[in-house]
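User: I have a structure to go through and I'm new to this. Can you take me through it?
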Amino acid sequence: MRGWPAARVDMALATVLLVATALELAWVDAPVADRLAAFGVGCLVALALAARRHAPLGAGLLATGAVALLGLAGEDTVGQLVAVYVGWLMVTYAAGVRLPTLPLTLLAALEVLLVAGASLAPKDAVGGVLTGLVLFVLAPIVGGRMLRELNALATELAGHGALLEAERADAAGDAVAAERVRIAGELHDVVAHALGAMTIQAAVARRLADRDAARATGAFQAIEDTGRDALTELRTAIEVLRHGAGESKALEPQPGLGALRALVERYRAAGLRVGLEVRGELPDDLPRGVDLTAYRVVEEALTEGLGRGGAGSARVTVIPGPAGLAVEVSDDGPPGADRQLVGLQERVRVCGGELQADEPGGGGHVVRVRIPLEGTPA
């Protein structure tokens with residue numbers, strides 16, 4: 001019967017009850033009038049069973065009244081019936097599931113009176129009353145009430161689950177939006193850094209074209225490499241913005257400190273003599289934001305030194321430590337150059353770090369950054 005409508009299930013049960021009652025009465029050695037009266041009671045209980053879901057109070061009253069009429073069928077006939085009592089029990093159970101407390105209490109009181117009245121005649125009246133109360137009143141009502149509470153709890157849990165799912169979806173949407181904002185910022189950085197570096201490298205190549213063809217070729221190669229890397233990063237970021245990180249097929253990792261040597265080589269080819277020193281081992285679990293920020297610090301400082309700073313040489317020092325990461329970029333550019341580091345300051349601040357840009361008394365320019373690792377999101 002799984003998958004059947006509830007009304008069809010109840011009609012099937014009512015039909016089975018009628019057939020069972022008719023078979024029971026066929027084997028009873030009793031007057032025809034008594035058997036017809038018992039079958040009439042069976043018909044009323046079957047009707048109540050068919051209506052137990054749509055009208056639980058009416059069905060309960062009908063079934064209880066019908067069982068009260070069984071006395072008209074004679075004691076011998078009543079003693080042979082089982083199906084009628086099973087049907088009454090099922091109707092009472094349905095009332096326990098569906099009725100509010102007050103109507104259910106009224107129905108239970110009537111059933112108690114019926115059971116007590118039917119058990120007065122036998123000698124074991126107390127035992128008969130207790131058995132009838134437990135079997136036909138207490139058990140079905142308590143069982144139905146327990147199912148009612150379980151259904152209410154399941155509905156409440158389903159509501160909470162739907163609410164949590166909605167909150168989870170909202171949180172996921174916020175995370176996606178925040179990630180896309182971050183990627184949009186990366187797009188700006190990629191374009192700004194790449195165009196700045198390419199412009200400076202092109203200027204260097206133009207100055208060297210007539211005097212030093214080999215160095216000019218290196219500068220042109222640096223322009224090509226910078227443009228190619230920038231295009232790769234742009235494609236990656238645009239792919240993520242278009243499809244989302246989970247669907248991107250062209251997603252590649254953002255640059256980090258592991259790419260410093262390639263970055264230094266690019267600026268060397270552009271004509272800036274760059275030295276690189278990493279004091280110690282870079283941690284494998286360096287947070288992504290810190291790794292990318294440190295790379296951008298070096299990239300921007302070298303770009304500003306080569307372009308606006310007019311530097312001829314520079315030095316990059318990276319000092320990883322248990323509590324934080326220190327990055328220093330120094331160059332020999334003349335003092336007073338208008339270097340643009342506002343974007344770097346904001347990026348470092350978001351990571352919880354500090355950026356200092358100084359012009360030492362002996363000349364040149366130094367950018368120092370310290371980013372804490374503890375509490376920085378991975």
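Analyst: One term to start with: buried means under 20% relative accessible area, exposed over 50%, and partly exposed in between, using a 1.4 Å probe and protein chains only. This is a predicted model, where local features need pLDDT of at least 70, side-chain atom pairs count only at pLDDT 80 or more, and totals for chains, interfaces and linings use all residues. Residues are numbered from 1 along each chain as its sequence is written, and side-chain values use heavy atoms, with hydrogens and water left out.

User: How many helices and strands are in the protein chain?
Analyst: Eleven helices and five strands. Both are DSSP runs numbered from the N terminus: helices are H or I with at least four residues, strands E with at least two.

User: Which residues of H2 are buried?
Analyst: Asp-34, Ala-38, Val-41, Gly-42, Val-45, Ala-46, Ala-48, Leu-49 and Ala-50.

User: OK, Val-115. Buried or exposed?
Analyst: Val-115 has 7% relative accessibility, so it counts as buried. It lies in helix H6, residues 101-118.

User: Back to the whole chain. What share of the residues is buried?
Analyst: Of the 378 residues, 39% count as buried.

User: And which residues have the most contacts inside the largest nonpolar core?
Analyst: Leu-260, Val-298, Leu-302 and Val-316, in a core of 35 residues. A nonpolar core is a set of buried Ala, Val, Leu, Ile, Met, Phe, Trp, Tyr and Cys residues joined through side-chain atoms within 4.5 Å.

User: Which element gives the largest share of this core?
Analyst: H10, with eight residues.
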